[in-house]
Structures are given as structure tokens and as C-alpha cells.
Amino acid sequence: MSGNESKFSSELVAKVNELWKRYPHKKAALIPAMHLIQAERDGWFSDETVADTAALFGLPDMHVRGVVGFYDMFHSEPVGRHVVRLCKTLSCKLRGADGLIQHVNERYGVKNGETTQDGCFTFKHFECLGHCANAPMMLVDDEKHLDLTADKLDSVLGGLS
Amino acid sequence: MIQETRAMLEFADDPKQIELATYRKNGGYDAFEKALKEMSPDDVTQEVLKSGLRGRGGAGFPTGRKWQFVPKGNDKPKYIAVNADESEPGTCKDRVIMEQDPHQMLEGTLLAAYAVGATTAYIYIRGEFQKSIRIVEDAIDEARAANLIGKNILGTDFSCDIWVHPGAGAYICGEETALLTSLEGNRGYPRIKPPFPAVEGLWRCPTVVNNVETMACVTQILRRGGDWFAGLGCEGSTGTRLFCLSGHLKRPGVYELECSTDFTLRDVIEQIGGGTLSGAPIQGVMPGGSSFPVLRADELDCGFDIESVAKAGSSLGSGAIMVFDDTVNVRDVVLNISEFYSHESCGQCTPCREGSDWVRRMLKKFQTDGPDEGDIATLMDVTDKMDGTTICALAVAIVWPVQSFLKKYPEAFAEKVTA
Amino acid sequence: MSDNGHVTLTIDGKEATVPAGINVIEAAKQVGIEVPHYCYHPRLSVVGNCRVCLCEIEGVGQLQIGCNTLVRDGMVVNTTNERVSRMREGVMEFLLINHPLDCTICDQAGECKLQDYAVDHGSGITRFEFDKGKKPKNISWGDRVVFDAERCILCTRCVRFLDEIAGTDEISIDHRGEKSQLVVRGDGKLTSPYQMNIIDLCPVGALTSRDFRFKSRVWFMKFTPTIDTSDARGCNVVAGTRDNRMLRMVPRYNPNVNDYWMSDHGRLHYAFVNDEDRIVMPTAGGKPAPYPVALSRAQAVLEGARDEGILCVASSYMTNEELFALKGVCDALGVEDRYFLLPMGEGDDLLIHPEKAPNARGCRLAGFRDAPDDWSSQEFGALLYVKPRELIELPAEVIERCKKKVVFSLTKHASDVNIPLTTWVEKDGTMVSAGDRVQCVRQGMVYEPTLLTERVVLDRLHTLLDPAFKGASTAVLAFQRMADEHPALDGLTWLSVGLLGAKLNKAEALA
């Protein structure tokens with residue numbers, strides 16, 4: 001499928017075209033492209049987005065769906081305006097991640113995988129996010145917040161809109 | 001007192017080190033330029049072999065030997081894949097290189113590409129590391145503009161492109177064959193070996209997969225010489241290494257240290273990590289990421305090098321030293337570890353797919369209720385049957401820590417939990 | 001390396017000399033040792049995920065999977081020692097912890113590799129004390145395949161078949177780890193005309209046939225090696241029958257014809273066998289008549305029509321033996337106009353053949369000509385017509401131009417004499433498939449004990465016409481007589497045709 005038939009924005013298609021040049025086979029650009037696509041399509045892969053992605057790459061739908069299902073950063077359900085990923089693995093656990101999880105559950109009324117009622121953010125327990133020396137930590141969308149305390153967490157989440 | 005030996009991190013505190021001009025001012029790319037103009041590809045490999053460098057991803061395979069597995073005189077294109085999917089619990093060092101001195105990794109990558117004849121390199125960075133991705137991409141752009149990456153680099157015949165390839169959240173993609181499968185645009189399933197990646201990797205072409213820190217070491221080795229590197233640390237653990245100290249420590253952080261048999265793992269924890277934050281006694285240490293056996297507090301007086309820690313029954317693995325004190329229940333610790341690996345099992349192999357979750361459920365029961373009679377023996381037997389029966393090492397990454405916790409803290413698993 | 005590209009290795013103490021380049025599973029098979037396996041299939045890529053084929057290779061530290069271990073000269077393999085058995089028992093236990101163990105209501109029971117290997121290699125007990133994982137059951141993947149996610153062991157044979165053989169890429173795995181589950185693209189319905197092969201490939205009860213489900217336990221059935229007669233490919237099959245009704249067909253391995261596969265169309269092409277409307281007794285003048293009465297009437301009709309001419313139209317569903325019997329009748333009557341009807345349709349590059357009947361080549365071999373597109377307006381004294389089972393019929397006006405009619409048919413057909421047909425699962429015989437390959441059909445059932453096969457009926461008619469003629473007593477003897485007479489079959493015997501068929505011994509323009 002050529003770019004101008006695509007259901008994605010021309011900016012996105014242009015970026016994907018650039019990605020394709022990096023690999024001997026277009027398919028290799030799938031995961032990098034899916035990050036862009038997910039961002040353009042409200043943060044998740046609906047069946048329609050899966051089909052559009054597959055069409056863009058000339059791949060079977062189910063290949064894209066299988067990829068969505070395999071990787072934790074791709075969502076197959078709608079998410080809030082922001083995605084909050086709180087690390088729960090050992091180093092963060094030892095520095096109080098469990099308490100922060102409980103704090104989020106109580107203060108914001110969301111458990112793992114749930115979205116706040118106002119649609120502001122989706123809360124996810126995540127496995128090791130690679131900032132073990134600054135535990136506990138979380139990612140809010142792409143931004144990292146280190147050496148978290150409940151107060152620090154509140155000031156970050158309180159500032160989201 | 002143990003001191004840091006800063007080679008890789010020499011300039012890491014300078015915020016301008018991520019810029020090409022600063023990196024070059026500090027001697028960056030000189031080694032690469034010299035290699036291109038004065039050394040043969042084989043000379044580069046020989047220098048790395050001489051250094052004794054072992055891969056810094058966790059398995060510790062000699063880097064120069066890995067490069068030598070790449071078949072010569074083969075028409076297929078060759079690739080480098082830099083493993084920046086840093087996901088082993090406790091490990092946070094590759095990110096430091098990428099965010100604070102990215103050119104050092106790129107220079108090592110170019111040197112590796114030159115050594116094995118690769119024309120394209122991909123830096124597979126875990127998708128959660130958006131900051132690393134931005135910084136490395138900027139660094140690549142700058143280097144490309146300066147003709148350090150791309151066609152006919154610095155006027156020579158050597159051409160090599162480098163691209164960042166973001167992952168999307170799957171620990172298993174740090175396993176080298178899964179990384180390749182993922183990079184090709186698939187679910188990140190590890191591949192059966194043989195064939196090994198050096199012979200058939202990306203798109204069935206020879207591919208070298210090296211860790212970020214390994215690439216930074218290559219830069220240091222070619223800059224300062226294989227002999228210099230081999231003179232640091234100790235036999236079998238040459239050079240400097242980045243260690244990630246985390247958990248219940250006073251001074252968690254990433255430190256560049258030489259390995260040594262003259263001081264102990266305990267010394268590092270005490271002197272570098274500052275001991276426990278609470279002052280409570282250490283209960284246990286995972287010395288190389290959570291996929292290796294735990295060491296009890298009385299097992300920390302081993303030398304601080306690969307061999308000594310192996311003799312003590314564990315591994316320096318990825319250099320992630322996680323310390324927990326006696327305020328935490330070891331049942332919680334081992335359950336947390338099992339949750340990680342069962343979540344991250346790709347689901348291909350029967351023993352790992354089914355076994356990792358079974359293990360997690362048993363440990364959950366142990367945590368909440370305590371084991372029934374026979375449960376410990378069952379768990380040991382089940383984990384035995386996951387050991388060495390799968391395509392990749394993820395299954396043993398749950399087996400080893402779990403078995404070690406059961407063996408080393410029998411009192412914690414001895415009885416039912418009373419309400 | 002031994003000579004001629006062979007290697008010699010030792011498997012469980014047995015020395016085996018096998019072709020270089022094969023894996024340990026195949027090598028073991030050659031010396032009669034079965035290494036259990038689920039994900040491995042000789043025609044699919046090796047993925048090595050089930051882990052049940054673990055073997056010990058002496059000198060190699062870890063156990064190795066037999067599917068991905070190629071034989072080497074001097075290799076020593078243990079497939080059953082204590083270490084291997086313990087680990088294999090472990091794999092079986094892992095496979096079963098989340099398996100529903102619903103064998104009592106599972107259609108796969110009796111031909112389930114999970115059952116077989118659990119008996120052969122399992123421990124017989126479970127130590128799993130938690131609730132089994134819940135996954136969707138009874139999911140319709142269209143009108144042919146039913147999926148049960150709880151029974152699935154994720155061997156991915158179905159995924160690979162549709163990717164690598166059928167080329168439709170329709171199944172994928174969603175999620176990962178123990179949550180992994182097969183999904184079908186789009187609306188969740190399979191589209192491949194070969195999709196039912198995944199039912200055979202599925203080693204467990206995760207994929208079952210909508211058509212065959214719950215019809216019978218396989219251990220009550222009779223299985224007969226025969227061929228698919230839905231088109232000229234002649235895919236080798238096993239026909240499954242019970243109580244003289246046909247219940248299913250599954251492909252039978254033949255590397256020269258269909259490998260391990262068959263089309264869904266062929267597999268499902270048998271409903272007419274069990275049709276309640278089939279006739280089981282001849283009629284003469286519209287009234288039921290025993291065979292001798294009906295045949296006497298047929299003799300009278302045909303002999304009376306000699307002067308005005310007889311039109312004989314054969315069916316490309318007939319066996320060679322039947323066609324030669326019909327040829328004998330035609331010869332005795334001096335019939336000149338001998339044709340056969342052949343339905344045509346779409347074909348593909350894999351197995352589906354455009355000729356939608358199995359034996360046009362046999363018709364030509366017996367001297368019948370392809371029916372013309374436009375029949376002449378010639379009138380005949382009689383029609384001797386073996387009616388094809390479906391898809392094609394002699395045009396009504398051609399039938400009308402014949403004054404009298406002797407018709408062989410499966411269901412009632414207006415005629416002076418109507419004789420019941422039998423289907424290919426009710427008789428022995430041979431056919432000539434695409435590629436001029438002679439293949440056997442074999443009797444697996446009788447629809448009704450009083451039915452006579454066409455060959456017997458035609459031979460009896462021949463004897464009425466020419467008392468000197470004596471038919472062969474069995475199809476095997478009929479084949480031999482035919483082979484003795486016809487140069488294209490010269491030298492072939494029933495046994496040499498055997499289960500896998502044989503090429504005609506010299507090129508005949510039969511296609």
C-alpha cells in the first residue's frame with residue numbers, strides 16, 4: 001500500500017517511510033512504527049488500528065495483533081490520557097513500591113490496569129524499569145520520576161490533566 | 001577503602017559529554033579513527049582478545065571470541081545488534097552510558113563493526129527508555145553529520161550505518177536470539193540454537209550481539225590498549241565494570257569498579273554501598289541480577305570477581321548487586337522474583353510457560369499460608385524439571401533463585417503462617 | 001561419515017545407518033524407536049517448543065531436543081534413560097497442569113497424543129493443587145473447525161501449517177507466557193480451503209472437526225486406506241466408517257501424491273454415501289425387480305435397440321475394473337458411441353485439481369471418449385448410462401432422444417431399467433489419478449447387504465449377452481485380467497499398486 005492510501009496521518013506515514021529505509025525488510029520497522037501509531041491512535045490498538053497497521057505493512061492482521069499482545073507497552077484496551085507505570089520489581093519493592101501501589105489504589109481509586117474515572121490516567125504495575133539505584137520509580141508517559149515518595153508521586157499525578 | 005576506577009565513566013558527570021564536540025575533545029573517536037587508518041579488522045579483534053574482555057550482559061562470554069565466530073569470506077551482509085534492552089532486575093548501568101556518554105557506545109559499536117565487517121548496526125533499546133532513545137538518536141545524528149557513521153567513514157572504504165531500534169516492553173528481548181526475532185518485527189521468541197547468531201542472526205545473516213557496556217569497554221580497550229585493560233581487575237575479570245548497587249543500601253548507585261580477589265563482596269556492599277540504610281543486618285544479596293542464586297549474609301566474604309562469586313555459589317551476572325536487610329520477609333522477596341519471571345516468560349516452551357506460573361503460585365501460597373508437608377520437595381522437583389529443558393535461560397532464571405532461597409532460608413519456609 | 005551420504009549412530013544401543021542431515025526423531029523412527037513429539041512435524045519448520053522430544057546426546061551436557069538435533073557419525077543417543085525419562089515426565093506434568101482433562105467429552109480421545117504420551121511417559125499423578133487456568137472453549141473458527149483454548153498445548157503446528165503450506169497466515173498467538181492463546185485473524189473464521197488439515201495436525205483435542213464432532217468414538221470405527229474421489233488428484237486417505245456408514249476421511253501420507261494433506265472439499269465429499277434416498281434394489285418398468293429380472297429386462301432393451309444404435313455414457317467416478325466391464329458390454333453389443341462425463345471446476349497449485357472426478361484417465365484407458373460440449377441431435381434406440389454422482393449430468397434432451405434407458409444411479413432415475421450404484425468406499429478397485437498414477441480404492445463398508453457392485457452387475461449382463469463370457473470373481477482378478485490385456489497396465493499387479501499406487505508403465509495420453 002502506498003503512503004497516500006494510508007489511513008494514518010501523512011506525517012506518520014512519512015516517518016514510517018524513513019524507518020523502512022533502515023532495514024532490508026520492511027517488517028523490521030513494525031515495532032518502531034507501532035509506537036508512533038499507538039500515539040496517533042489514542043494510545044491503544046483497536047481492531048481497526050490493528051487492521052490499518054497491517055495494511056500499511058502488508059502483513060496479516062493477526063501478526064500485528066500477536067505483536068500487540070506480546071509487548072507490555074502496546075495496549076489492546078483503551079487507556080487514559082496518561083499512562084502511569086510504577087515499577088514493582090525487587091529493588092523498587094525493597095524501597096517501598098508496595099506502599100506506593102497501595103497509596104495509588106486508595107487515593108486515586110485505581111488498581112493495576114485501571115483508568116481513573118475522569119480518564120486522566122491508566123495505572124499499571126510494571127516489571128523492572130531499569131532505574132534500580134533510584135528506587136522506587138515510575139514512568140508517566142515517557143517521563144521518569146525517581147526516588148519516589150508518596151508526596152512526590154502526588155505532586156506528579158496531581159499535575160496531570 | 002575501595003575506590004572507583006573511572007574509565008567508562010571518566011567524563012560521565014559532564015552534561016556536555018553527550019555532545020560530539022565534547023566527546024571528541026576528550027579523545028573520543030580517536031581510537032576508531034586510528035583503527036580505521038592504521039589497523040586491520042583482525043588487529044582490532046586481537047586487541048579485544050588481549051584485553052580479556054568478557055560480555056557485560058550477564059553471561060560473561062569472551063567478546064573477542066564471539067567476534068571470531070563470524071564467518072569470513074561470506075557474501076552475506078553482517079550485522080551488529082547492540083543489546084540495550086536492559087531489563088534484568090537490579091540492572092541500570094547501560095542506561096547510564098547511553099544517557100551520559102552515548103558516543104562511547106557508538107564508538108565501540110563502530111569498532112566492532114569494523115572488526116567483523118558489519119555494514120549496519122542496530123541499537124535495540126528497551127522502549128521504556130525514551131530518554132536514552134532520544135539521546136542516542138541525537139548522538140547518531142551528530143556522528144553521521146561528522147561522517148563518523150554512514151558511507152566511506154572519514155574518507156576510508158569502511159561504511160557502517162547505525163540505527164536505534166526501540167523495543168516495546170518484554171524482558172525476554174534481552175535474550176540475544178529473542179532480541180533478533182523482535183528486531184525483525186515479531187513477537188520476541190528466543191530461537192533454537194544452533195544456528196548461533198554469529199552464523200545466522202538477523203535475516204539469517206551473521207550477527208554479533210553485544211551489550212552496551214561491552215561496547216563501551218571496546219572503546220576503552222582500543223583507546224588505551226588491550227594490555228591496559230588486562231592490567232585492571234584480576235584474572236578472569238579484567239578491566240573495569242559498572243556495578244549497580246540497589247535495595248536496602250545507604251548509597252545505591254552505579255559505580256565503576258575493578259574486580260579483585262583482595263577485597264570481598266561484603267567490602268563493596270559496606271564501603272561503596274554504605275551498608276544498609278536502616279542499619280539493620282543484611283539478610284541476603286543477589287549479586288548479579290535476580291536470575292542467579294541468592295547469597296546469605298554469611299556468604300559475602302568471597303572475593304569480588306567472577307570466579308570467586310561463582311565459587312560462592314552465585315554469579316556477578318549483569319553486575320546488579322541487590323541487598324536486602326532483615327526487615328523484609330524472604331518469602332516476599334522470592335515471590336516478587338517469581339512474579340517477574342512468570343510475567344516475562346514468552347510462553348514458547350512448555351516447562352517455562354507452565355512451570356513458571358506454577359512456581360509463582362506455590363510461592364504465593366507459601367507467602368500467605370506457608371507450605372504444606374511435601375510442598376518444598378514438590379517445588380524443588382518442579383524447578384529441577386525446568387532446568388535445562390527449554391530453549392533459552394529464562395526458565396533457569398527462575399529456577400536458580402527460587403531453589404537458592406528454599407535451600408538457604410529453610411527456616412522461612414519451615415512452617416505454616418499463623419494468623 | 002559413512003559412505004553415500006549416510007552416517008552411523010547409536011540410538012538406545014541400536015546401531016542405525018541413516019541419511020546425513022536428518023534429525024534424531026527421524027533417525028530413531030528408522031530403527032523402530034518412537035521419540036515422542038508434539039510440535040515437530042516433518043513438513044513444518046522446527047520450532048522446538050514442546051520439549052517432549054528431549055534426548056541425551058553423549059558428550060553434550062544438556063539434554064537436547066531430537067527435532068533440532070541433526071545426526072552425526074558416531075553420535076550416541078539415549079531416548080529413554082533415567083535422566084531423559086525424568087525430564088520427559090516433567091514435561092508431561094507441565095502440559096497437563098492446566099489441561100482440563102476432559103477426555104470423557106473430548107472428541108480427540110482415542111487418538112490423542114496427550115493421552116498416549118501421558119500413559120507412556122507421564123507419572124500418572126498430579127501434584128498441581130491450584131485452580132486450572134480458564135480459557136475460552138468451543139470457539140467456532142468457521143463452519144469446519146472448533147477450537148478449545150484450554151486443551152491447546154501451543155505447539156503452533158496449526159499456525160505453521162497455514163503459514164508455510166496453505167499460505168494463508170491466519171492464526172497467531174496473542175498475549176504471552178501462560179496467557180498465550182491462539183487467535184484467528186479478522187472475524188475469527190478460517191478461510192483456507194485446506195484448513196481442516198490443522199485438525200489432523202493438532203496432537204490434542206484443541207482443534208476438532210465440526211463435521212465429525214461427537215459422531216463416534218474412534219475406537220468403534222473401522223479405518224480403510226483408500227483415496228479421495230472428489231477430484232483427479234486422488235489424495236490418499238483413510239476412510240472412517242461405523243455401522244456401514246461413512247463418518248470421516250483423513251489424509252494418508254503419500255509423498256508422491258498429497259504428502260500429509262488433503263483439501264477440505266475432498267475431506268467433506270462423502271455425504272452422498274450415507275444418503276437415505278439411495279436406491280438399494282433395481283427397478284424394471286418402474287417396479288422393484290431382483291437383479292436377475294432387471295438384468296434380463298436390460299438385456300432385452302439393449303439387444304432390441306442394436307439396429308437403431310445405443311449410446312453408452314460412462315462416469316468418471318467408476319473404477320477401472322467397472323469401466324472395463326462396461327467396455328465388455330459395449331463390445332458385446334457393438335456400441336460405437338461411448339462417452340464419459342467429467343465435471344470440471346477450479347484448481348490450485350497445491351492439491352485441488354480442476355477435474356472434479358477421480359478417473360477420467362481410466363475412462364480414456366477403457367476407450368471412452370470425452371463427452372462433446374455439443375451433443376449431436378442423433379437419436380438412439382437405447383441409452384446405457386452410468387450416472388455421475390453429482391456436479392454433471394447428461395443433458396435432458398440427449399436422454400430424451402434415446403427411446404429406451406438403462407440407467408445406473410445412486411438415487412431413483414426415470415428409466416426402463418434402473419440399477420443402484422455403489423460408492424467407492426463400498427468396493428475394491430483401481431483408478432488412474434492425475435500424473436497417470438494407478439491407485440487402489442478399498443471396500444470399507446456396505447451400504448446395504450443386497451447391493452451388487454457395478455462390476456458384478458455389468459459382468460452378469462455381459463454373460464447374458466454372450467454366454468461364453470465369464471467375469472472375474474474379484475476386483476483383484478479383474479485388475480489382473482485388465483493388466484494382462486492393456487499395455488499401459490502391463491506388469492502391474494494389485495500388490496505392486498499397493499497402498500501408495502504406481503505409475504502407469506508407459507506414457508499414455510490420458511490427461
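How many positive and negative side chains does chain C have, and how far apart do the centres of the two sets lie? Chain C has 59 positive and 70 negative side chains, with the two centres 3 Å apart. Lys and Arg count as positive, Asp and Glu as negative; His and the chain ends are left out. Each charge is placed at NZ of Lys, CZ of Arg, CG of Asp or CD of Glu.

This is a predicted model: local features need pLDDT of at least 70, side-chain atom pairs count only at pLDDT 80 or more, and totals for chains, interfaces and linings use all residues. Residues are numbered from 1 along each chain as its sequence is written, chains are lettered from A and ligands numbered from 1 in the order in which they are written, and side-chain values use heavy atoms, without hydrogens and water.

**Chains A and C**

| Property | Chain A | Chain C |
|---|---|---|
| Helices and strands | 7 helices, 4 strands | 13 helices, 24 strands |
| C-alpha box, roughly | 50 × 35 × 25 Å | 85 × 55 × 40 Å |
| Buried residues | 57% of 161 residues | 59% of 511 residues |
| Accessible surface, about | 6,800 Å² | 20,500 Å² |

Helices (H or I, at least four residues) and strands (E, at least two) are DSSP runs, numbered from the N terminus. Buried means under 20% relative accessible area, with a 1.4 Å probe and protein chains only. Accessible areas come from the Shrake-Rupley method with a 1.4 Å probe.

**Chain A**

Chain A runs α-α-α-α-β-α-α-β-β-β-α along the sequence. The domain assignment, automatic or from a database, gives domain 1 (5–70) and domain 2 (82–158).

**Interface of A and B**

Here 38 residues of chain A are in contact with 60 residues of chain B; contact means heavy atoms within 4.5 Å. The two chains bury about 3,900 Å² between them, 59% of it on carbon and sulfur atoms. Arg22(A), Phe70(A) and Leu94(A) supply 17% of the area that chain A buries against chain B, more than any other three residues. Buried area is the accessible area (1.4 Å probe) that two parts lose on being put together, summed over both.

**Helix 4 of chain C**

Helix 4 spans residues 157–165 of chain C. Its buried residues are Arg157(C), Cys158(C), Val159(C), Arg160(C), Phe161(C) and Leu162(C). They pack against strand 8 (171–174), strand 9 (181–184), helix 5 (197–201) and strand 10 (207–209) of chain C. Gly167(C) follows helix 4, with a positive phi near 75°.

Definitions and conventions. Buried means under 20% relative accessible area, exposed over 50%, partly exposed in between (1.4 Å probe, protein chains only).
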